[in-house]
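Colleague: Could you walk me through this model, starting with one residue and what surrounds it?

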Amino acid sequence: MTRTVYVNGEYLAEDQATVSIFDRGFLMGDAVYEVCAVLEGRLVDTPGHFARLRRSMTALSMPETLDNDELLHVHQELVRRNALREGLVYLQLSRGVADRDFAYPGSETPPTLVLFTQAKAVIDSPLAHRGAHVITQPDLRWGRRDIKTVQLLYPSMAKMAARAAGADDAWLVENGLVTEGSSSNAFIVTRDGRLVTRELSSDILHGITRAAVLRLARDVGLVIEERAFTPEEACMAQEAFMTSATSMVTAVVSIDGQALGNGRPGAVAARLRTLYIEESLRQAE
């Protein structure tokens, strides 16, 4: 079945949707994006995703586009038109169409806004059931990882390196410390039960799921340390997991071939995943 997608105010069949070859997202990577999970035909964490979108736009001096109510309507309409029960809605906003130039075009240039849906098993994920195997890779990305841009070539290279090594994903390492996963935030649970994840800065993406999981962890009394950790500390941890909009909370069961704990998803990750899914289903819109 052909999906319906959204391009600059129009709902179109996917094979009829086009974007100019002069679009700055295509030519310069001058674009930002967000991904919202869909559960039971409803959207998860939209206020957080829309707030982060505005933050990325502000950081890059991108002009305003639809307001949050309008964005929510477009998301919901795409979910409805595509009869999507579970998966994601992808949004990409570029600075628009202009002749190629390193300098930004003027504010009169209209941005390019596209959205599409993608069906995906989010709750009943095979990876979540068995746990992810990760390898470490050097973090060679640019220094503003807190801006959610479409510059995803190096994360793609890291993920492919993981696949070549027979693993599921990569955790990126800079100056001897884990920053985050190729497309997720990274957590460990120490042997004395403390939950550790890197503090917010320009070094990592300010994950919407990360924030929700930390709040849930506090609610159930977990001790939280927001600090960097080394791959060696991660390998010695009781548990590890990663968070993102569509992986939610996914346990990590090995790092660089070394099993964590008993090599199966741990109790803390499982509990936080359950709590996050329950809350998401309650609050989805």
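Colleague: Which residues is T243 in contact with, leaving aside its neighbours within four places in sequence?

Modeller: Leaving those neighbours aside, T243 is in contact with S184, N185, F187, T209, R210, V213, M248 and V249, where contact means heavy atoms within 4.5 Å. Please keep in mind that this is a predicted model, in which local features need pLDDT of at least 70 and side-chain atom pairs count only at pLDDT 80 or more, while totals for chains, interfaces and linings use all residues. Residues are numbered from 1 along each chain as its sequence is written, and side-chain values use heavy atoms, with hydrogens and water left out.

Colleague: Where is T243 found, and is T243 buried or exposed?

Modeller: T243 is found in strand β13, residues 239-244; strands (E, at least two residues) and helices (H or I, at least four) are DSSP runs numbered from the N terminus. At 1% relative accessibility T243 counts as buried, a word that means under 20% relative accessible area, with exposed being over 50% and partly exposed in between (1.4 Å probe, protein chains only).

Colleague: Let's turn to helices. At what angle do α6 and α8 pack?

Modeller: Helix α6 (residues 208-219) and helix α8 (residues 267-283) pack at about 110 degrees, and their axes are 10 Å apart. That makes α6 roughly perpendicular to α8, since angles of 65 to 115 degrees carry that label, under 35 counts as roughly parallel, over 145 as roughly antiparallel and the rest as oblique. The axes are lines fitted to C-alpha atoms, for helices over the stretch in contact, and angles run from 0 to 180 degrees between N-to-C directions.

Colleague: Which residues meet there?

Modeller: From α6, T209, A212, V213, R215, L216 and A217 meet L272, L275, Y276 and E279 of α8. They divide into seven nonpolar, one polar and two charged, where Ala, Val, Leu, Ile, Met, Phe, Trp, Tyr, Cys and Pro count as nonpolar, Asp, Glu, Lys and Arg as charged, and the others, Gly among them, as polar.

Colleague: New topic: how many salt bridges does the structure hold?

Modeller: The structure holds 24, a salt bridge being a side-chain nitrogen of Lys or Arg within 4 Å of a carboxyl oxygen of Asp or Glu. One of them joins R95 and D30, whose closest N and O atoms are 2.7 Å apart. R95 lies in the loop between β5 (87-94) and β6 (112-119) and D30 in the loop between α1 (24-28) and β3 (31-39), so this pair ties together parts that are 65 residues apart in sequence. Both R95 and D30 are buried.

Colleague: What about the pair E77 and R80?

Modeller: E77 and R80 also form a salt bridge, with their closest N and O atoms 2.5 Å apart. Being three residues apart in helix α3 (residues 68-81), they are separated by about one helical turn. E77 is buried, with a relative accessible area of 12%, whereas R80, at 57%, counts as exposed.
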